[in-house]
Amino acid sequence: MNKKTGKTPGSPRTRGRKGIRRSGPTSQQAAPSPEAPSGLKQLPIVGAQISTAGGFAPVPERAAALGAEVMQIFSSNPRTWRTRHPEPDEMAALKTGLRRYRLPLFFHTIYLINLASPDGELRARSAAALAHALVTGALAGAAGVVTHVGSHRGEGFEASIGLVAEAIRSAETTARETLAAEQTGQSEPALPPLLLETAVGAGAIVGRNIGELRALLEALALRPPARAVSRDRSTRPAPPSASSLTPGWPLDLGLCLDTAHLFAAGYPIHEETGLQVLLDELDRAGLLSRVGLIHLNDSASELASNRDRHANPGDGLIGYEGLARIVRHPALTRIPFVLEVPGAEGHGPDADNVALVKLMRAGLPRPAEAPSRPESPGHGG
Ligand SMILES: [Zn+2]
């Protein structure tokens, strides 16, 4: 997400939506594309964070107008704790639009969430906000919900693992109870997969590297659901069942990679070898198949700067060639790409941004006349 614009990215073509939910964040298939060059069986779908001004109903048409094939939106205003509960007709209009334009939808949680906070009250609030996003995602038939993990505030990553796992399980329990209460008698909609996003690695932020996210997912896969966030530390872990990440609980878990965050965290993904190192690391950790979404942002901040500033595609330090290599990498073709960039006007991703990424995807060079655009302060998102 883009903090400055308050806009959200969208979701992939609906073809894969059900597949994602059923078999994990990574199982979705993009439609085979006629543009796929020899050697690439298919090409990924690309889209953008879309503004929710005016509510959810106008969002799919807005996304389609940008040329997006997938979209991401905020589940509620990202800078406040106030939750929003769309009326059934607003949700129905959203879902009709998603079907009409064949747009898979991702939600992004609010910026205030800190699932790793040593402060039990803040953690409980964060779990409640996450539960709200999961419920909204379930009701909208979303392909996934993306969240930042948060900051351990100096307590150390190791100390945060149990807290994060507990908060997420608490959110899951709350979300299920809320859905059950709302759907009396009918079958509940399934919770969308939850995708933990890579962070820039500043200060005490959790999720700075693949190893940290792997540790969190492992803890979640092996831990029983918590009753509440700030109590119940006595919950006994379930017996470890092999090293599989297949969760013992219905909530599907995975990762959202953000190219600007990875770059600022020190992954040299602007170079071919650096990209391959990252993909190898994901593969070794058993997580390549768990990547459910990629935030395709250029970085206005330098490699390993730990600063979160997104640039329009091709205008940052990852650059056109670097991003094109990522969009066209054979290991990533099944994963949707979503832009969270400032756009030409600073109002969020625009049609030119989306069109440029489609050129990257097609293996074409950047047009000479492409204008240069402003950078945005990172969204933390
Ligand atoms: Zn992001």
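## Overall make-up

The predicted chain contains 10 helices and 14 strands, and of its 381 residues 53% are buried.

## Helix 4 and helix 5

Helix 4, which spans residues 120–140, packs with helix 5, which spans residues 157–182, at an angle of about 45°, and the two axes are 8 Å apart. Because of that angle, helix 4 counts as oblique to helix 5. The crossing in which helix 4 passes helix 5 is right-handed.

On the side of helix 4, the contact is made by Arg123, Ser126, Ala127, Ala128, Leu130, Ala131, Leu134, Val135 and Ala138. On the side of helix 5, the residues that take part are Leu163, Ala167, Ile168, Ser170, Ala171, Thr174, Ala175, Thr178 and Leu179.

## Helix 9 and helix 10

A second pair is formed by helix 9 (residues 319–327) and helix 10 (residues 351–361), whose axes come within 8 Å and cross at roughly 65°. Helix 9 is therefore roughly perpendicular to helix 10, the class of angles that runs from 65 to 115 degrees. The crossing of helix 9 and helix 10 is right-handed.

Helix 9 contributes Tyr320, Leu323, Ala324 and Val327 to the contact, while helix 10 contributes Val357, Met360 and Arg361. The residues of the contact of helix 9 with helix 10 divide into 6 nonpolar and 1 charged, with no polar residue among them.

## Confidence along the chain

Across the chain the mean pLDDT is 83, and 77% of the residues reach 70 or more. Over residues 1–34, however, the pLDDT is below 50, although the model gives this stretch 152 contacts beyond near neighbours in sequence.

Residues 223–248 form another stretch over which pLDDT stays under 50, and here the model has 44 contacts beyond four places in sequence. For both stretches, then, contacts are present in the model while the pLDDT is below 50, as holds for residues 1–34 and for residues 223–248.

Technical notes:
Residues numbered from 1 in each chain as written. Predicted model: local features only at pLDDT ≥ 70, side-chain atom pairs only at ≥ 80, totals over all residues. Helix = DSSP H or I, 4+ residues; strand = E, 2+ residues; numbered from the N terminus. Buried ≥ 20, exposed ≤ 12 C-beta atoms within 10 Å, placed from the backbone. Axes fitted to C-alpha atoms, helices over the stretch in contact; angles between N-to-C directions. Parallel < 35°, antiparallel > 145°, perpendicular 65-115°, else oblique. Left-handed = near helix turned anticlockwise from the far one by under 90°. Contact = placed C-beta atoms within 7 Å. Nonpolar A, V, L, I, M, F, W, Y, C, P; charged D, E, K, R; others polar. pLDDT = per-residue confidence, 0-100.
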